[in-house]
Amino acid sequence: MDHSSFSGAPRFLTRPKAFVVSVGKDATLSCQIVGNPTPQVSWEKDRQPVEAGARFRLAQDGDQYRLTILDLALGDSGQYVCRARNAIGEAFAAVGLQVNAEAAYAEQAPHFLLRPTSIRVREGADATFCCHVRGSPPMAVSWAKDGRRLGAPDGPRVRVEESGEASALRIQAARPLDGGTYTVRAENPMGAASADAALTVDPDADPSGPPGASTAALLAHLQRRREAMRAEGAPASPPGTGTRTCTVTEGKHARLSCYVTGEPKPETVWKKDGQVVVEGRRHVVYEDTHENFVLKILFCKQSDRGLYTCTASNLVGQTYSSVLVVVREPAVPFRRRLQDLEVPEKGSATFQCEVALPAAEAAWFKEETRLRASAKYALEEAGTERRLIVRNVSADDDAVYICETAEGSRTVAELAVLGNLTRRLPRKTAVRVGDTAMFCVELARPVGPVRWLKNQEEMVAGGRVAITAEGTCHTLTISQCSLEDVGQVAFVAGDCRTSTQFCVSVAPMKSAF
């Protein structure tokens, strides 16, 4: 479920759980909170604020908030309160923690001995996900599909079977609607662990179809590189290993690619956790000169974690590959990350984060450009807090902003400028020589004058160039693209502006053998 649509006062989706733990162990209290504006979250113990320190760690991961207490002492027993506030209202959740003097058994957070793997079945066949997970005290193990917890309403066709450390999710007579991302989560007082896997259900073939109209012909092309999904710099995966894992450090780029070829040329789509990936500030989709269909995730954030699938289909059939993207914290993590902002045009945007130490040096970037103090930008420091203020924002300020420490740690946030441009151009547009390129922009209200520019020069309709407008939607079409068309394409309407880097590549030579 996409929780970004929740608005208003803070709301707890999950609350911290009470538990008993032994002296000398660690304990983590966690909860999930949503609200708009993003709430400020604090922790209290017995009505006294809990501050981050040597034994207390405060962490945020999207809408997940955690308090970890290291090396527990008897004095850590008591009532803990998580309090969330924003401009709309306030919410809180209380939980009891009891620390015992002696351990009755060895305690450990859940960890997977065997993770579930992605599978593909025909419609009507059974599908089974299996895993082995270990932890103590005893764990609660649950399964979910596309973020929705599975339970009694899904039975008897969908059931969970458990035996010791083993847990299995069995789906009888699978249907196309059963396809999606399945998550198994194990949780006990010491912590939690989760793992994802994908299920693809191929519709039953039409027996009246022509001979050979199956996925086999397409697979002959697509399986030239088994496990075609790969991450830049990652080692090759041996055949048959299933879903691959791409690990990237927060703030760095991830490049996923899928080798696609076939006749007729397949349509290829990238999805994350079952949802189509839309090009935007941080997501670029293009085909490179080696027929790799590339998804590039720029300035990765924790929200980019998930299962990515590349699906290729044509009249012959369909196939897919998948990769699990893991975004790890930097070596020296921020005490508080940047948060995404929405600001109206001509307003001011203030980004705030908290570094590990007051003396830590930090630099600010707008994507690849370092920012310096000026009439446009104010850079402020106060203890461990670091602030960037962007004044008099315009559509050109709609971008990704990064705070980077001297150690190379990064925290990333996006600025959405609320103005007349409701649909902007992507960061990058890539086509092959001879293809047709289409650029579309939409305004909230009509405004003039309207111009399309290429490399700062106004474009005029005629020949290979077509310029159309329908209401507030404006479209530029370039047919029979050539290498001479490369450059920056921009749309300007009044004081609104949006641009894209236009790339044209040469198709590789086809082998006759």
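Q: Hi! Before we start, what kind of model is this?
A: Hello! This is a predicted model.

Q: Thanks. How do β34 and β35 run, and how many bridges join them?
A: Strand β34, residues 399–405, runs antiparallel to β35, and six bridges join the two.

Q: In what sense do β28 and β35 pair?
A: Strand β28, residues 341–344, pairs with β35 in the parallel sense, over four bridges. There, V343 has V417 of β35 as its bridge partner.

Q: How many residues of β35 are buried?
A: Eight of the nine residues in β35, which spans 410–418, are buried, so the strand is largely enclosed by the rest of the structure.

Q: Switching topic: in what order do the strands of the open sheet come?
A: The order is β11-β18-β17-β13-β14, five strands in an open sheet with mixed pairing.

Q: Which strands stand at the edges?
A: Those are β11 (119–122) and β14 (148–149). Each has a single partner strand, so one side of each is left without a neighbour in the sheet.

Q: What about β17 and β18, how many bridges join them?
A: Nine bridges join β17 (residues 180–188) to β18 (residues 191–202), and the two run antiparallel. For an example, find E187: its bridge partner in β18 is A192.

Note on methods:
Residues numbered from 1 in each chain as written. Predicted model: local features only at pLDDT ≥ 70, side-chain atom pairs only at ≥ 80, totals over all residues. Heavy atoms only, no water. Buried < 20%, exposed > 50% of the residue type's maximum accessible area, 1.4 Å probe, protein only. Pairing = 2+ DSSP bridges.
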